[in-house]
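Here is a friendly walk through one protein model, written for someone who likes to know the cut-offs behind each term. Please keep the viewer open while you read.

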Amino acid sequence: MIKYLKGDAITALQQAQLNGNTNTYLIHCCNAKGVMGSGIAKSIKERIPRAYEEYKWHLEDRELCGACPMGTVSYGDDVINLIAQENYGTGKRQVHYGYLSEALRRAAILFSSYEQGRTLIVPYKMCCDRAGGDWDVVVELLEVAFKGWNIEVYAKA
C-alpha cells in the first residue's frame with residue numbers, strides 16, 4: 001500500500017531514526033558516475049554523508065572488479081542508493097527501467113529477512129524529474145519489489 005504525504009523525505013527518515021524506528025529506509029535513484037550533484041541525491045550527500053560515502057565506495061569497488069554497477073545497490077545510514085542511471089542530465093530519459101527493476105529487486109532481497117512493519121520512504125517522482133522516467137512505471141516497480149512493505153511517498157509542499 002502506498003501512502004502519499006507532504007514533506008521532505010530526508011527529514012521523514014531522520015525523524016524515524018530519532019524515534020527509534022530501525023526498520024525505516026529511504027530509497028532513491030543514482031547514476032553510475034559517482035556524482036550526487038542535484039535533486040534529492042545532492043541533499044542526501046549533504047545531510048547524510050555516510051550514504052554518499054558508501055555509494056562512492058561501492059562504485060570504486062565495482063570498477064576495480066571490472067563489473068558494471070548498473071542495477072546494483074549501496075546502503076548507508078538507512079539510505080538505499082539504487083544505481084539505475086548510467087549518466088545524468090535532463091532532456092532525455094536517463095533512468096533504465098530494467099536496471100531500476102533489478103536494483104529494486106536486489107534491495108528488497110537485501111532487507112527481506114528484517115521484521116515485519118518495514119517502511120520505505122520514497123521521494124515523489126523518484127527517477128522521474130531529472131532522470132526522465134514515468135512515475136506510473138516507477139510506482140508499479142516499487143509495488144512489485146516491495147510487496148508487504150509500508151511505502152510512504154513524500155512530496156515537498
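The model is predicted, so to speak of local features a pLDDT of at least 70 is needed, side-chain atom pairs count only at pLDDT 80 or more, and totals for chains, interfaces and linings use all residues. Residues are numbered from 1 along each chain as its sequence is written, and side-chain values use heavy atoms, with hydrogens and water left out.

**Salt bridges**

A salt bridge here is a side-chain nitrogen of Lys or Arg within 4 Å of a carboxyl oxygen of Asp or Glu. Under that rule there are six salt bridges.

| Salt bridge | N to O distance |
|---|---|
| Arg-47 and Asp-8 | 3.0 Å |
| Asp-77 and Arg-50 | 3.3 Å |
| Arg-106 and Glu-102 | 2.8 Å |

Helices (H or I, at least four residues) and strands (E, at least two) are DSSP runs, numbered from the N terminus. For exposure, buried means under 20% relative accessible area, exposed over 50% and partly exposed in between, with a 1.4 Å probe and protein chains only.

Take the pair Arg-47 and Asp-8, joined at 3.0 Å. This pair links distant parts of the chain, 39 residues apart: Arg-47 sits in helix α2 (residues 39-47) and Asp-8 in the loop between β1 (2-6) and α1 (9-18). Asp-8 is buried at 18% relative accessible area, while Arg-47 is partly exposed at 35%. Asp-8 and Arg-47 also belong to a network of salt bridges with Lys-156.

Next come Asp-77 and Arg-50, whose side chains meet in a salt bridge. Asp-77 lies in the loop between β3 (72-76) and β4 (79-85) and Arg-50 in helix α3 (residues 49-65), so the pair ties together parts that are 27 residues apart in sequence. Both count as partly exposed, Asp-77 at 33% relative accessibility and Arg-50 at 40%.

Arg-106 and Glu-102 are four residues apart in helix α4 (residues 97-110), a separation of about one helical turn. Arg-106 is partly exposed at 34%, and Glu-102 is partly exposed at 23%.

**The largest pocket**

A pocket is an open set of points on a 1 Å grid over the protein atoms alone, where a 1.4 Å probe fits, with protein on both sides within 12 Å along at least five of seven lines; lining residues have an atom within 4 Å of a point. The largest pocket holds about 640 Å³ of space, a volume being the space filled by probe spheres set on the points.

Its lining has 32 residues, and Ser-38, Gly-39, Ile-40, Ala-41 and Arg-130 lie nearest the centre. At least two lining residues come from each of α1, β2 (24-31), α2 and β6 (150-155). By type, the lining divides into 17 nonpolar, ten polar and five charged residues.

In strand β5 (residues 119-123), five of its five residues are buried. Thr-119, Ile-121 and Pro-123 point one way from the strand, and Leu-120 and Val-122 point the other way.

Two strands pair if DSSP finds at least two bridges between them. β5 pairs with β2 in the parallel sense over three bridges, with Leu-26 opposite Ile-121. β5 and β6 also run parallel, joined by five bridges, and Leu-120 stands opposite Ile-151. From β5 the chain crosses through helix α5 (residues 135-145) to β6 in a right-handed β-α-β crossover, meaning that, with the strands pointing away from the viewer, the path from the first strand over the helix to the second runs clockwise.

Note on methods:
Nonpolar A, V, L, I, M, F, W, Y, C, P; charged D, E, K, R; others polar.
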